[in-house]
Amino acid sequence: VQLQACGGGLVQAGGSLRVSCAASGRAFSNYVMAWFRQAPGKEREFVAVITRSGGNSDYADSVKGRFTISRDNAKNTVYLQMNSLKPEDTAVYYCASGSYYLRASQAYNNWGQGTKVTVSS
């Protein structure tokens with residue numbers, strides 16, 4: 001499955017943004033989907049993951065309560081709704097697909113190209 005992320009942009013601190021990741025192919029619902037991010041000069045880090053059905057999700061402590069991951073299997077799309085954004089959320093956000101409901105980036109073998117989110121103070 002090929003992944004295409006979009007929806008990034010520039011937003012003020014305290015604002016909201018929703019990024020999306022569209023998948024090609026018919027097997028989207030067979031995959032666990034996750035979001036990661038990489039800030040300038042830092043390693044890629046886990047943000048959120050959602051199960052195949054969308055019934056369960058997990059979040060990094062740094063975004064818990066502010067970000068929401070969801071998916072629409074009929075549209076082959078996974079979303080990341082980001083509220084109460086902070087300057088430290090500035091990063092390139094990547095979607096990824098895998099077979100296991102894990103936080104480790106090594107568990108994901110298929111990555112989108114990333115979409116840049118910049119939060120100004």
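Guide: Buried means under 20% relative accessible area, exposed means over 50%, and partly exposed lies in between, with a 1.4 Å probe and protein chains only. The model is predicted, with pLDDT of at least 70 required for local features and 80 or more for side-chain atom pairs, while totals for chains, interfaces and linings use all residues. Residues are numbered from 1 along each chain as its sequence is written, and side-chain values use heavy atoms, with hydrogens and water left out.

Visitor: Why is Asn76 called buried?

Guide: Asn76 has 17% relative accessibility, which is under 20%, so Asn76 counts as buried. Asn76 sits in the loop between strand 7 and strand 8, where strands are DSSP runs of E with at least two residues, numbered from the N terminus.

Visitor: What is said of the phi of Asn76?

Guide: Asn76 is not a glycine, yet its phi is positive, about 55 degrees. Most residues other than glycine have a negative phi. Ser84 also has a positive phi, near 50 degrees, and is a residue other than glycine.

Visitor: Is Ser84 buried, partly exposed or exposed?

Guide: Ser84 has 41% relative accessibility, which falls between 20% and 50%, so Ser84 counts as partly exposed. The place of Ser84 is the loop between strand 8 and strand 9.

Visitor: What makes Asp89 buried?

Guide: The relative accessible area of Asp89 is 1%, under the 20% limit, and therefore Asp89 is buried. Asp89 lies in the loop between strand 8 (77–82) and strand 9 (91–98).

Visitor: How do you know that Asp89 and Arg37 make a polar contact?

Guide: Their side chains are joined at 2.9 Å. A polar contact is a pair of N or O atoms within 3.5 Å; within protein, one must be able to donate a hydrogen and the other to accept it, and residues adjacent in sequence count only if both atoms are side-chain atoms.

Visitor: Which residues does Asp89 touch?

Guide: With contact taken as heavy atoms within 4.5 Å, and residues up to four places away in sequence not counted, Asp89 touches Arg37, Arg66, Phe67, Ser84, Val117 and Val119.

Visitor: Why is Arg66 called buried?

Guide: Arg66 has a relative accessible area of 10%, under 20%, so the term applies. Arg66 is in the loop between strand 6 (57–59) and strand 7. Its side chain has a polar atom 2.9 Å from the backbone oxygen of Ser62, and the Arg66 side chain also reaches the backbone oxygen of Ser84 at 2.9 Å.

Visitor: What makes Arg103 partly exposed?

Guide: Arg103 is at 38% relative accessibility, between 20% and 50%, so Arg103 counts as partly exposed. Arg103 lies in the loop between strand 9 and strand 10 (108–111). A polar atom of the Arg103 side chain is 2.9 Å from the backbone oxygen of Tyr59.

Visitor: How many residues are in the largest nonpolar core, and which have the most contacts inside it?

Guide: The largest nonpolar core has 36 residues, and Trp35, Leu80, Met82 and Tyr93 have the most contacts inside it. Such a core is a set of buried Ala, Val, Leu, Ile, Met, Phe, Trp, Tyr and Cys residues joined through side-chain atoms within 4.5 Å. Elements that give two or more residues to this core include strand 4 (32–38), strand 5 (45–50) and strand 11 (115–120).

Methods: Helix = DSSP H or I, 4+ residues; strand = E, 2+ residues; numbered from the N terminus.
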